[in-house]
Amino acid sequence: MFSITAAAVTFGVVFLAELPDKTALAGLVLGTRYRASYVFAGVAAAFALHVALAVAAGSVLTLLPQQLVQGITGALFLAGALMLLLKKDDGDEEIRRPSDQSFWKVAGSGFMLILVAEFGDLTQIMTANLAARYDNPLSVALGAVIALWSVAAIGILGGRALMRRVPLRLISRIAACVMLVLAALSFYEAFTG
């Protein structure tokens with residue numbers, strides 16, 4: 001039986017926890033380079049998979065080797081930051097979009113980024129805990145997936161709006177700095193956890 005309370009509580013908790021997280025940043029970066037609907041399709045599919053895993057596993061996900069997950073996440077953020085920082089600058093502020101803008105390539109990129117970066121994330125563990133607490137997988141899953149999709153949409157659309165007002169070069173530098181901080185935090189959690 002569907003519980004609006006379980007869905008609403010899950011939405012609120014997951015939305016607030018995910019809003020300042022790396023998802024909004026990832027969506028912002030991808031949204032500046034690719035068609036927003038393609039990015040959202042991949043990101044939404046990855047989040048749906050994460051929620052399904054969290055709800056199915058319940059609180060068992062809290063037993064995952066967090067140090068390994070944090071280490072991989074840190075390495076991915078470091079690689080992303082280095083790619084942004086070392087990218088050749090032609091002095092042209094015009095947006096340079098990758099040549100392959102196919103749906104499958106763009107959606108696949110968004111899917112893989114979120115799939116790896118969000119695995120074992122706080123919101124996935126919270127979703128698992130809420131599923132165990134409420135014993136209502138459908139309500140928890142619906143609340144969590146709508147919250148995650150909302151944050152992703154804000155990040156992706158925010159990237160598009162920001163791009164109209166701020167030079168892409170500056171956005172890339174700021175994103176690289178934020179990724180370096182997230183990489184450092186992930187490595188810290190991997191080595192101290």
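View 1. The model is predicted, so local features need pLDDT of at least 70 and side-chain atom pairs pLDDT 80 or more, while totals for chains, interfaces and linings use all residues. Numbering starts from 1 along each chain, and side-chain values use heavy atoms, without hydrogens or water.

**View 2. Helix H7 and Leu142.** Helix H7 (residues 137-165) is the top contributor to that patch, with three residues. Helices here are DSSP runs of H or I, at least four residues long. Leu142 sits in H7 and counts as partly exposed because its relative accessibility is 37% (buried is under 20%, exposed over 50%, partly exposed in between; 1.4 Å probe, protein chains only).

**View 3. Thr10 in helix H1.** Thr10 belongs to H1 (residues 4-18) and, at 0% relative accessibility, counts as buried. A polar atom of its side chain is 2.7 Å from the backbone oxygen of Ala6. Beyond neighbours within four places in sequence, Thr10 is in contact (heavy atoms within 4.5 Å) with Leu130, Val140, Gly143 and Ala144.

**View 4. Zooming back out.** The protein has eight helices and zero strands, and 42% of its 193 residues count as buried.

Notes:
Helices (H or I, at least four residues) and strands (E, at least two) are DSSP runs, numbered from the N terminus. A polar contact is a pair of N or O atoms within 3.5 Å; within protein, one must be able to donate a hydrogen and the other to accept it, and residues adjacent in sequence count only if both atoms are side-chain atoms.
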